[in-house]
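Have the structure open while you read, and check each point as you go.

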Amino acid sequence: MRYLFLILVVIVLSQKTQISAQANELQSSALAAPCQSCHGVSGRNSGEMPTIDSFDFLTLRQLLLNFKNGELTGTIMGRIMKGFSDEQINSLAKYFSQKQN
């Protein structure tokens with residue numbers, strides 16, 4: 001009976017982990033929605049805007065933080081990034097860096 005209980009606990013925990021991962025993906029996708037109008041759905045744009053799916057996590061995170069902190073200027077990105085917390089910027093960088101082609 002104890003083994004059955006342990007198996008049940010493992011199953012429940014694995015389901016919770018899967019649901020949590022799906023929720024994180026949905027949240028990141030929602031955060032990325034404003035980016036899509038200029039940078040494309042997956043961060044790959046065929047127009048004049050830079051493609052952002054080619055950056056690794058650390059590089060993209062630093063670029064976004066630099067826009068937020070005013071270290072990179074000359075675009076609307078500084079104003080947009082000021083609306084995101086550092087945690088949200090981490091989520092965006094992770095989301096787009098995982099879209100790399």
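1. The buried residues of α2 pack against α3 (77-81) and α4. In α2, those buried are Leu-60, Leu-64, Leu-65, Asn-66, Phe-67 and Lys-68, where buried means under 20% relative accessible area with a 1.4 Å probe, protein chains only. Helices here are DSSP runs (H or I, at least four residues) numbered from the N terminus.

2. A word on what you're looking at: this is a predicted model, where local features need pLDDT of at least 70, side-chain atom pairs count only at pLDDT 80 or more, and totals for chains, interfaces and linings use all residues. Residues are numbered from 1 along each chain as its sequence is written, and side-chain values use heavy atoms, leaving out hydrogens and water.

3. Now look at how α2 (residues 57-68) meets α4 (residues 86-97): their axes, lines fitted to C-alpha atoms over the stretch in contact, come within 8 Å and cross at roughly 140°.

4. Who does the touching? On the α2 side, Phe-57 and Leu-60 are among the residues that meet α4, whose own contacts include Ile-89 and Phe-96; contact means heavy atoms within 4.5 Å.

5. Met-81 counts as buried because its relative accessibility is 1%. Leaving aside residues up to four places away in sequence, Met-81 touches Leu-64, Phe-67, Lys-68, Ile-89 and Leu-92.

Note on methods: Axes are lines fitted to C-alpha atoms, for helices over the stretch in contact, and angles run from 0 to 180 degrees between N-to-C directions. Helices (H or I, at least four residues) and strands (E, at least two) are DSSP runs, numbered from the N terminus. Buried means under 20% relative accessible area, exposed over 50%, partly exposed in between (1.4 Å probe, protein chains only).
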